[in-house]
Amino acid sequence: MRILVLGGDGYLGWPTALHLSMGGHDVHVADNLVRRTYDDELGVTSLVPIASLERRVAVWRQVTGRDIPAHIGDLTDPVFTRTLVGEVRPDAIVHFAEQRSAPYSMIDQAHAVYTQSNNVIGTLNVLYAIADVDPTIHLVKLGSMGEYGTPNIDIEEGWLEITHKGRTDTVLYPKRPGSFYHLSKVHDSHNIEFACRTWNLRATDLNQGIVYGQETDETRLDPELATRFDYDAVFGTVLNRMVIQAVCGHPLTVYGSGHQVRGMLDIRDTVECIRLAIEHPAHLGEFRVFNQFTEEFSVLSIAELIRLTYPGAVRIANIENPRVEAAEHYYHAVHSRLVDLGLEPHRLDDTLIGSLFAVAERHKERADPDLFEPSVEWRATSSRVGPSAVPAHAA
Ligand code: NAD
Ligand code: USQ
């Protein structure tokens, strides 16, 4: 198939493009490279050095003989997006290209507005481009398990059958997420479902859990094929951060009690789930939702697993939670549809011992311990407006 990977320069988009290319697909990537400018804004860098997109594509060609054409542009520009889809004419579009950090979206008003406009407008432009160019293009969109929040009932895969006053209907699962970023994904899901219902498009919304890991079979082929590895308090996710904290001898930063439970998956399972979703497409008119994670952990149990498996002393620190989230809650989320398609999950303890500690050890000299402390407070509402408040890339 011809596949267009939006956000193909990012943590997950790049290894997914390689995995699909290796699997024999004709892959194009598109990105506006904004993720690299958030690093400049926040004064952070990926723990693992990353090559430019141009260099990555050239190395992939040298190593495998396969081409991945790269298109540079912003999805919030409707002309760029329409032209891109019209020129590439893909069978499927994988859409990773959003601002994806919950803390970044909670910095202040300007960052919340930037996050929601970047994500919601970009996705709307993609939907219009598909409807215009070829409504049979299958959209595979990255959503988030955090869209659901932590309800006191089981989390189903996107839809919920309810009986109310004696009548029954199937509705989109009610969402109660914990950041303006996660809310942008909820808005996207509603817009995509509407486009499928109204224009007969087809889409798979992958409500993905927190991804850990840095290596895939394809990125291991050359150091310049490496994907990024974030550990700072804004873009670093909990498990990746704690691995680097352990290796640097810094206490693992458990926010609050650590009893928050989240779904997680290995980066190798992410790329495989995308392949499975593409090769088993949704039907025309169908808005299909998969919950994409493989194991559930509380934050504290992740810290304890790291203490148990890391071959060195590890301290755990419970620090005041900068976020507003349930400290104790019920959590049971259905996640069978990708396994039904053939997913064979990796296990967290194997990845920690087999890959993650070694990656962190190799690059620990690049870690800046100041970036371990949380820097964004959910309860603070800064409504600074005006040119100085707007992230440079959004100006
Ligand atoms: P990332 O920030 O590393 O990658 C996103 C890429 O999209 C970046 O390269 C960025 O430059 C690009 N981009 C952003 N806005 C764009 C725009 N308007 N036009 C063109 N390109 C744009 O993020 P990631 O960790 O690879 O996540 C990819 C997707 O997966 C996101 O949608 C995220 O919400 C979702 N997701 C990620 C995780 C995780 O743990 N990393 C978990 C669940 C879901
Ligand atoms: N946490 C800690 N210590 C830390 C960092 C985080 O205890 O040092 C806690 C947080 O309070 C939270 C949990 O760990 O309870 C997860 O936080 P996170 O930063 O790892 O993940 P999150 O903000 O939810 O966002 C990440 C990705 C996002 C994706 C989401 C999937 O950045 O793109 O959508 O994971 S999910 O969580 O399923 O929504």
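Guide: A nonpolar core is a set of buried Ala, Val, Leu, Ile, Met, Phe, Trp, Tyr and Cys residues joined through side-chain atoms within 4.5 Å; buried means under 20% relative accessible area with a 1.4 Å probe, protein chains only. The model is predicted, so local features need pLDDT of at least 70 and side-chain atom pairs pLDDT 80 or more, while totals for chains, interfaces and linings use all residues. Residues are numbered from 1 along each chain as written, chains are lettered from A and ligands numbered from 1 in written order, and side-chain values use heavy atoms, without hydrogens and water.

Visitor: Which residues does Leu352 touch, not counting those up to four places away in sequence?

Guide: Leu352 is among the members of the largest nonpolar core, of 34 residues, that touch the most other members. H8, E10, helix H10 (299-309) and helix H12 (348-363) each supply at least two residues of this core; helices (H or I, at least four residues) and strands (E, at least two) are DSSP runs numbered from the N terminus. With contact meaning heavy atoms within 4.5 Å, Leu352 touches Leu239, Val243, Leu305, Ile306, Thr309 and Phe357.

Visitor: How much of the accessible area of ligand 2 does the protein cover?

Guide: Oxygen atoms of ligand 2 lie 2.5 Å from a polar side-chain atom of Ser144 and 3.0 Å from a side-chain N or O atom of His182. On its own, ligand 2 has 740 Å² of accessible area (Shrake-Rupley, 1.4 Å probe).

Visitor: Which element gives the largest share of the shell around ligand 2?

Guide: Ligand 2 has 21 residues around it, each with a heavy atom within 4 Å. The largest share, three residues, comes from E10.

Key
A polar contact is a pair of N or O atoms within 3.5 Å; within protein, one must be able to donate a hydrogen and the other to accept it, and residues adjacent in sequence count only if both atoms are side-chain atoms. Buried means under 20% relative accessible area, exposed over 50%, partly exposed in between (1.4 Å probe, protein chains only).
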